[in-house]
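Thanks for making the time this morning. I would like to go through a few local details of one model, so please have a look at it before I start.

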Amino acid sequence: MSRRQFTLDEKIGIIGRLENGEKNSVIAKEFGTSLSTISTIWKNRDPLKNMFQTTSLKAKRLRTAQHKDLEEAVLVWFKQQRLLNVPISGPILQAKTDQLAEKMKIENFKCSASWIQRFRQRHNIGFSKISGESSAINTDICSN
């Protein structure tokens, strides 16, 4: 058998089939993998289900942020800004992340473009225009 990486979507499908009573051996044979691989997916079902609700389905590895408290603070801030229809670009998000890291006294952290990219990927955030965005925003908020 060759080594294979399953996407998160495939793993959730396997977990669903196991929950419905399908045997490990049948699933392993269908995917061309070992029984232990299917058993490992079953053993890790709770974290996998949790990640399924919060991340992209194409992810093959469950990567979490190094500074979870910072990531949570940035996400809360981002959601607040989106509720106010404030347009958020990559550089704005990067500056706010650096500012929050400084407030949280996280040393040796510099927000990079790749950190922003991974953050967006982990939380399924796209930088597309929000409908009605330009007319709904107060210009005083943007200047602050």
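Predicted model: local features only at pLDDT ≥ 70, side-chain atom pairs only at ≥ 80, totals over all residues.

Asn-108 counts as exposed, at 83% relative accessibility, where exposed means over 50% relative accessible area, buried under 20% and partly exposed in between, with a 1.4 Å probe and protein chains only. Residues are numbered from 1 along each chain as its sequence is written, and side-chain values use heavy atoms, with hydrogens and water left out.

Asn-108 lies in the loop between α6 and α7 (113-122), helices here being DSSP runs of H or I with at least four residues, numbered from the N terminus. Most residues other than glycine have a negative phi, yet Asn-108 has a positive phi of about 55°. Phi is also positive, near 60°, in Asn-85, which sits in the loop between α5 (68-83) and α6 (90-103) and is partly exposed, with a relative accessible area of 22%.

Turning to the helices, α2 (residues 24-31) and α3 (residues 35-43) pack at an angle of about 115°, their axes 8 Å apart, which makes α2 roughly perpendicular to α3, a term covering 65 to 115 degrees. Asn-24, Ser-25, Ile-27 and Ala-28 of α2 make the contact with Leu-35, Ile-38 and Ser-39 of α3, contact meaning heavy atoms within 4.5 Å.

Note on methods:
Axes fitted to C-alpha atoms, helices over the stretch in contact; angles between N-to-C directions. Helix = DSSP H or I, 4+ residues; strand = E, 2+ residues; numbered from the N terminus. Parallel < 35°, antiparallel > 145°, perpendicular 65-115°, else oblique.
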